[in-house]
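Subject: Structure handover

Hello,

Here is the structure for you to pick up. Please load it before you read on.

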Amino acid sequence: MSGHAGAVSDLVDQLSKLPGIGRKSAERLAFHLLRVHEDEALALSTAIRRVRTDVRYCSVCFNLSENELCRICSDPKRDATRLCVVEQPRDLLSLDASGVYSGMYHVLLGRIAPLDGITPDQLTIDSLIERVRTGNFSEIIMATNPTVEGDGTSLYLSNLMQEFPVEITRLARGITSGSVLEYANREIIADALTGRQRL
């Protein structure tokens, strides 16, 4: 057990629960928060509280938003004929940061992973199919992560959309199989978007 005061020990315990943060990193962060100006430390707690109370999913695409519609769905300059399907909001951010794609998005909030107990009904697939059915899309880009589960999810979705008169493409394999979009650099993502292929 740690020899830190109760409040410090509690903070270290909470920080060490964050992904990628071990006990030593959590201690460094806790002591950093004790050293900085009080306003700076409290700004972190305010930001955490705001993100938990103010952020929700966009009612159309399921991106993160503080409003009913996210900034992308409410942007009239976006290309409303193309729809890019991603697993998580962070994947959307990575793709959009490439500056190559200006269409719309749909966030699945996961991928089909039977071994992890994640089934199609737990994702936003019904909303996606309804968007494609009622929308005016000419292309659906499958931008799930290039993993076994991501590829399986893409295949499942493309089968569901066979009845619609849309071209279904997937990202080019400039993104290495088994990698995660969140960690790919902008150039790799730009190449993958530009060189996407029919699924």
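Below are the notes on domains, pockets, rings and backbone.

First, the ground rules. This is a predicted model, where local features need pLDDT of at least 70, side-chain atom pairs count only at pLDDT 80 or more, and totals for chains, interfaces and linings use all residues. Residues are numbered from 1 along each chain as its sequence is written, and side-chain values use heavy atoms, with hydrogens and water left out.

Domains. The protein splits into domain 1 (7-54) and domain 2 (77-193). These bounds come from an automatic or database domain assignment. Between the C-alpha centres of domain 1 and domain 2 there are 33 Å.

Annotation. An unreviewed UniProt entry marks residues 58-73 as "zinc finger region: C4-type". UniProt positions are given in the numbering used here, feature names are shortened, and annotations may be inferred rather than shown by experiment. In the model, residues 58-73 are 0% helix and 12% strand, and their end C-alpha atoms lie 8 Å apart. Helices (H or I, at least four residues) and strands (E, at least two) are DSSP runs, numbered from the N terminus.

Pockets. The search ran on a 1 Å grid over the protein atoms alone; a pocket is an open set of points where a 1.4 Å probe fits, with protein on both sides within 12 Å along at least five of seven lines, and lining residues have an atom within 4 Å of a point. Points are joined across faces, edges and corners, and a volume is the space filled by probe spheres set on them.

The largest pocket has a volume of about 250 Å³. Its lining includes L11, L15, H32, L33, L44 and I48. The elements giving two or more residues to that lining are α1 (6-15), α2 (23-35) and α3 (38-54). Helix α3 gives the most, with five residues. By class, the lining of the largest pocket has nine nonpolar residues, three polar and no charged. Here Ala, Val, Leu, Ile, Met, Phe, Trp, Tyr, Cys and Pro count as nonpolar, Asp, Glu, Lys and Arg as charged, and the others, Gly among them, as polar.

The second largest pocket holds about 160 Å³. It is lined by 14 residues, with M142, T144, D151, R170 and R173 nearest its centre. Helix α6 (residues 148-160) supplies the largest share of this lining, three residues. Eight of the lining residues of the second largest pocket are nonpolar, three polar and three charged.

Rings. The count is one aromatic pair. Y101 and Y105 form it, edge-to-face, at 5.2 Å centre to centre and 75° between the planes. The rule: rings of Phe, Tyr and Trp (its six-membered ring) pair if their centres lie within 6.5 Å; planes under 30 degrees apart count as stacked, over 60 as edge-to-face and the rest as tilted. Both Y101 and Y105 are buried (buried is under 20% relative accessible area, exposed over 50%, partly exposed in between, with a 1.4 Å probe and protein chains only).

Backbone. Two non-glycine residues to check. F62 has a positive phi of about 75°. F62 sits in the loop between β1 (56-57) and β2 (64-65), and is buried at 18% relative accessible area. L109 has a positive phi of about 65°. L109 is in the loop between β4 (103-107) and α5 (125-134), and is partly exposed at 24%.

G135 lies between α5 and β5 (139-142). G135 is partly exposed, at 36% relative accessible area. G135 and L83 are 52 residues apart in sequence, and their C-alpha atoms are 9.9 Å apart in space.

Best regards
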